[in-house]
Amino acid sequence: CGCKNGLFKDILFMMKKQYFINANIIDPLNSINEVGGLIISEEGKIEAIGKKVNTNNLPTREKPIDLKGKYIFPGLVDMRVFVGEPGYEYKENFRTLSNAALSGGVTSVVTMPNTDPIIDNVSIVDFLKRRGRDKSKINIFPSASLTKNIEGTNMTEFGLLQAKGIIAFTDGIKTIQNPRLMSRIMNSAADLGCLIMQHAEDYELAKNGMINSGIIASKLGLSGIPEIAERILIERDLTLLEKVKCRYHISQLSSQKSVEVIKHRKEIVKFTSGVSINNLSLNENDIGDFRTFLKLSPPLRREEDRLALVQGLKDGLIDVIVSDHKPEDEESKRLTFAQAATGASGIETLLSLSLELYHNGSLKLETIIKALTSNPAKILEINKGNLSIGNDADLCIVDIDKPWIVKKDKLISKSKNTSIEDKKLQGKVTNTFVKGKELFKL
């Protein structure tokens with residue numbers, strides 16, 4: 001939600017034209033993967049991009065910024081972000097979220113409706129949009145709940161909410177358990193062209209579970225969440241999707257069996273899916289002795305599951321990588337494993353952790369950037385996540401070889417519940433621009 005008042009427009013028009021040269025540019029939407037430059041216009045738009053932008057083609061009076069081989073990516077689009085506003089501002093608010101996002105190269109986010117009150121009616125959407133516009137520096141795309149008060153019984157008013165600018169519907173951390181209700185939701189979504197995002201986890205099978213069901217759960221004496229809890233919901237929804245064709249997205253896959261299911265179903269029905277960077281980078285062994293900062297939903301599973309998820313991205317079966325940024329205050333995490341809140345702060349480390357998959361040879365750089373930019377934008381039907389000429393200059397500059405260590409006291413997010421404390425990473429965002437304005441500099 002960018003500021004739309006006249007003063008901000010005047011500032012934009014007064015901006016100086018900006019020239020960048022000697023960058024490695026990756027823009028999957030426009031099939032750009034080359035060394036070149038970028039020009040940002042006075043209005044904060046992409047004016048020119050690619051190898052044709054070099055010192056030979058620039059006005060002699062201008063002094064371009066030489067990026068010396070750093071990378072330019074489109075601003076990241078994170079499809080699954082929890083913000084504490086309204087109701088949980090002590091965990092995160094729009095201001096702290098946008099500052100954290102910018103430090104990680106994220107310029108657009110889809111916020112989850114799990115606030116207090118729940119985002120399930122138009123008056124709350126109006127409030128949310130005002131707060132986002134006034135306090136956020138990034139593009140906020142709010143989602144609304146599928147059901148009233150996320151109770152899984154009565155549908156929200158999709159048509160009214162969509163007219164107010166809601167771009168997707170999800171119950172966030174909850175699943176639509178009732179198949180009749182899910183069928184009705186899909187019918188409404190098909191009629192209105194809405195995007196449905198499902199958290200796939202059967203409540204009865206996952207009940208009281210805390211980590212992946214298996215040897216580690218037994219060893220720690222914790223009740224487990226079997227992978228079939230995820231698979232059975234995916235199978236059900238994709239079967240319903242055969243009859244009612246709507247825009248349907250599986251928020252987060254976590255198991256090898258789920259990847260096998262979607263591989264088979266991709267030939268029958270049209271849908272998309274995402275994966276959390278946590279499930280791509282960590283496995284259940286990382287939990288160690290009751291590390292509550294790794295109590296996540298879906299849970300971390302076996303190394304075989306992690307590898308299957310990476311392969312799923314490589315094969316184009318999985319479309320999107322999300323941070324699943326869920327800030328929790330320290331008091332909610334420094335409890336016994338059973339009592340501790342679920343979730344981790346991750347928007348700042350999303351890109352750097354994803355780049356680990358490039359540095360270790362698991363995925364091509366273009367595959368990673370596509371899953372973080374143009375793919376989520378395409379699913380959401382928003383004109384973000386690309387560097388097309390004439391579009392807002394939402395982008396990040398990245399030193400992909402820069403080493404750094406994750407320290408919670410250095411994180412910008414209000415909550416410090418990172419799942420990768422003390423992890424050594426390679427690749428850091430040095431600058432982030434929104435509408436041509438530099439809003440983060442390392």
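Me: Is histidine 199 buried or exposed?
Reply: With a relative accessibility of 4%, histidine 199 counts as buried (buried is under 20% relative accessible area, exposed over 50%, partly exposed in between; 1.4 Å probe, protein chains only). This is a predicted model, where local features need pLDDT of at least 70, side-chain atom pairs count only at pLDDT 80 or more, and totals for chains, interfaces and linings use all residues. Residues are numbered from 1 along each chain as its sequence is written, and side-chain values use heavy atoms, leaving out hydrogens and water.

Me: Where does histidine 199 sit?
Reply: Look in the loop that runs between β9 (195–198) and α6 (203–206) (helices, H or I, at least four residues, and strands, E, at least two, are DSSP runs numbered from the N terminus).

Me: Which residues is histidine 199 in contact with?
Reply: Setting aside neighbours within four places in sequence, histidine 199 has contacts including Arg80, Lys174, Ser251, Gln252 and Pro298 (contact means heavy atoms within 4.5 Å).

Me: How about isoleucine 234, what separates its C-alpha atom from that of histidine 199?
Reply: Those C-alpha atoms are 9.4 Å apart, while the two residues are 35 residues apart along the chain.

Me: New topic! Which helix holds phenylalanine 158?
Reply: That would be α4, covering residues 158–163. Phenylalanine 158 has 3% relative accessibility, so this residue counts as buried.

Me: And what does phenylalanine 158 touch?
Reply: Not counting residues up to four places away in sequence, the list includes Leu146, Phe169, Ile185 and Ala189.

Me: Last one: where is lysine 437?
Reply: Lysine 437 belongs to strand β17, residues 437–441. Its relative accessibility is 33%, so lysine 437 counts as partly exposed.
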